[in-house]
Amino acid sequence: MSEHSSILTDDTWLSRLDRALFKFESLLALIGGIAVFSLMILAVVSVAGRNMFNQPLPGYVDWIEQAMPLIAFVGISYTQRLGGHIRMDILVGRLRGRILWAAELLTTLIVLAVMLLLVWGAFAHFLRAFDLAAPNWSRDSSLDIGLPLWPAKLLVPVAFGVLCLRLILQVWGYGRALISGTPNPIAVPLIADAASAAAAEAATVSGLEKG
Amino acid sequence: MDSIDIGLIVSGIMLTMVFLGMRVAFAAALAGLLGLVWIFWSKKGYDPDEFIWALGVATKTAGQVPHSKIANQALSLIPTFILIGYLAYYAGLTKALFEAAKRWLGWLPGGLAVSTVFATAGFAAVSGASVATSAVFARIAIPEMLAEGYDKRFAAGVVAAAGTLASLIPPSAILVIYAIIVEQDVGRLLLAGFIPGAFSAVIYGLLVVGLALTFKNFGPPVGGFSWKQRFQSLPGALPILFVVAIIIFFIYNPFGGDAWGTPTEGGALGAFVVFLMALYRGMRWKQLREALLETAKLTVMIFTIIWGVLIYVRFLGFADLPGVFSDWITTLDQSPMLTLIYILLAYAVLGMFMDAIGMLLLTLPVVYPAVIALNGGEFVSAADSAFGMSGTACAIWFGILVVKMAELCLITPPIGLNCFVVAGVRPDITVQDVFKGVAPFFIADALTIAGLIAFPAIVLYLPGLLLGIS
């Protein structure tokens, strides 16, 4: 299983687009991280309010359910760029050159097709909740304090759409690699062997231990 | 072609894609989507004019899964636990724990190794991630052990094996995932992981003492700490106890009355305490940003697999593959216990090649109903069951067993990640050394699993005592 990969860059259009999209993806991922942090703060406020001031936070559960899509989906493309979605690379890890790029191109193309369909499906799910004529443009709302549900539902196809852009870039990257047969293609996550994956994992927690 | 055949073919395609290197989450979503299209289209007799209709219905069925399944407050425990884990590295807890463990347990044969096991178990109480735990303790504990003349492979093996304790001792992200997939109460499972986690740590500790007594110069004790020094070492490790206590109080109130809140709130409060400590220890925006990005990445990875697999599960419901598998497994002409042991052995083999989370999520939708059926069904009473426990108790017990099996895959060759991490931190120790050093711990794990199977009370005592599950 590889969770860590390295991505090469140069000054071609593909690499520029790759890095530009990555900036946007990093921003989205950070928003997801901040949402986790807010969840923690929200719980502290809710517990403190209930136990110390006898004043529970109204709609606490509603807000969690609004935050979950933010946490769960907006970073999906960031994770794909970094090769962070787990997979089994015991077979592809042994492939080299064009055969490897052909396998990667094939699976990435299939994933792109799946995700395009899911953008459609998730958007349909959003449309069932969205109605310009209704109050808050919303046909359904959360149980406790009546937050409209469509913004959270809209996040899903949007996040999946960004992932589709990323997948298109990766299809492009693997396609180029397949044609040129290069061992070091740009803009796609390269398979790290277990040793370098472990080194990267170790690096994420290095230098934090003080005193 | 009936729906069972479709189920088998589509599952086969999914496994092929996983084998070809497709990300597990997307392979599961692909299988679910493909299967739904196929099932709907077959109902229309594969009429070419109806294909677009089938595609549309399937896509819309699948498309509502991500939002509707993820917008669930019980799931918010996962990111909170992951955040605690990342913040804990900045809170300076690991060194304090190791120091305290050394002063209290160092006098034992193999004292530093025993200390490593228990310090790791303690750290597991704030961290749910095995691999990172091994990386940190490789840096702290191995140099001290080598300085005392410990065997190099032994020292590395202890750290790699002890890291696996994190997946049972709460807060454990993998137990939350199990609870979500099998639709059991998260609090019960977290509570149930406590004693088996401690039990594993004790077995590891005994093994270390045994090895140190058997082999000369393997792991000498370190002595000479006064009681004053021992007590002085405790305050640094106290926040761990505090976090554990908070999480427990939010699941169950030992003073009677209601629990203080939900496990989610408990986890968040624990994270907040660790966050304050990390701030105090000098964490600033740069480190926090790093921790938040890592949290976001790991969280998204886990949630993507969850919704991907749930799309597959939605399809499985139509194909009734789990039902057929359960029927088959319950009519096998052998004892249910033997069947269960085969299932666990299959996980051990699978775990040699697959990541723990991917392995559990891909298999549980089919395997879990079969195990419950083996026991006599979801609503069976303890008296009528095959394993001597109610359906709910069986769900908890099996959860702890499979998570323990999943831990094993972190230290089994050829891809046991914990071993690679320890070798990566210590350039003087090769991966082969770590795999050799970790081998005795397989015996300890086999004993632990045998113990958990022979005495389910180790798992079920705490949930039974506190929540009244038999």
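Mentor: Start with the rule. Rings of Phe, Tyr and Trp (its six-membered ring) pair if their centres lie within 6.5 Å; planes under 30 degrees apart are stacked, over 60 edge-to-face, and the rest tilted. By this rule, Phe123(A), Phe126(A), Phe130(A), Trp137(A) and Trp150(A) form one aromatic cluster.

Trainee: What should I know about the model and the numbering?

Mentor: This is a predicted model, in which local features need pLDDT of at least 70, side-chain atom pairs count only at pLDDT 80 or more, and totals for chains, interfaces and linings use all residues. Residues are numbered from 1 along each chain as its sequence is written, chains are lettered from A and ligands numbered from 1 in the order in which they are written, and side-chain values use heavy atoms, with hydrogens and water left out.

Trainee: How many aromatic pairs are there over all chains?

Mentor: A pair of aromatic rings is described by the distance of the centres and the angle of the planes. Over all chains, the count is 26 aromatic pairs. One of them joins Trp104(B) and Trp227(B), edge-to-face, at 5.6 Å centre to centre with 75° between the planes. Trp104(B) lies in helix α6 (residues 93-105) of chain B and Trp227(B) in helix α12 (residues 227-232) of chain B, so the pair ties together parts 123 residues apart in sequence. Helices here are DSSP runs (H or I, at least four residues), and strands are runs of E (at least two), numbered from the N terminus.

Trainee: Is Trp227(B) buried or exposed?

Mentor: Trp227(B) is exposed at 54%. Trp104(B), at 26%, is partly exposed. Now take Phe123(B) and Phe137(B): their ring centres are 6.1 Å apart and their planes at 65°, so this pair is edge-to-face. Phe123(B) is buried at 0%, and Phe137(B) is buried at 0%.

Trainee: Which charge lies over the face of Trp227(B)?

Mentor: The test is NZ of Lys or CZ of Arg within 6 Å of the ring centre and within 35 degrees of the ring normal. Arg230(B) lies over the face of Trp227(B), at 4.6 Å from the ring centre. In chain A, Arg81(A) lies over Phe22(A) at 4.1 Å.

Trainee: How many residues of chain B are in contact with chain A?

Mentor: Contact means heavy atoms within 4.5 Å. There, 78 residues of chain B touch 77 residues of chain A. Next comes buried area, the accessible area (1.4 Å probe) that two parts lose on being put together, summed over both. The two chains bury about 7,100 Å² between them, 75% of it on carbon and sulfur atoms. On the chain B side, Arg23(B), His67(B) and Lys297(B) lose the most area to chain A, together 11% of what that side buries.

Trainee: Which side chains meet in a salt bridge?

Mentor: A salt bridge needs a side-chain nitrogen of Lys or Arg within 4 Å of a carboxyl oxygen of Asp or Glu. Between chain B and chain A the count is 1 salt bridge. Arg50(A) and Glu265(B) meet at 3.1 Å, N to O. Helix α15 (residues 285-319) of chain B gives the most to the side touching chain A, with 17 residues.

Trainee: How many helices and strands are in chain A?

Mentor: Chain A has 6 helices and 0 strands. Of its 211 residues, 53% count as buried.

Definitions and conventions. Buried means under 20% relative accessible area, exposed over 50%, partly exposed in between (1.4 Å probe, protein chains only).
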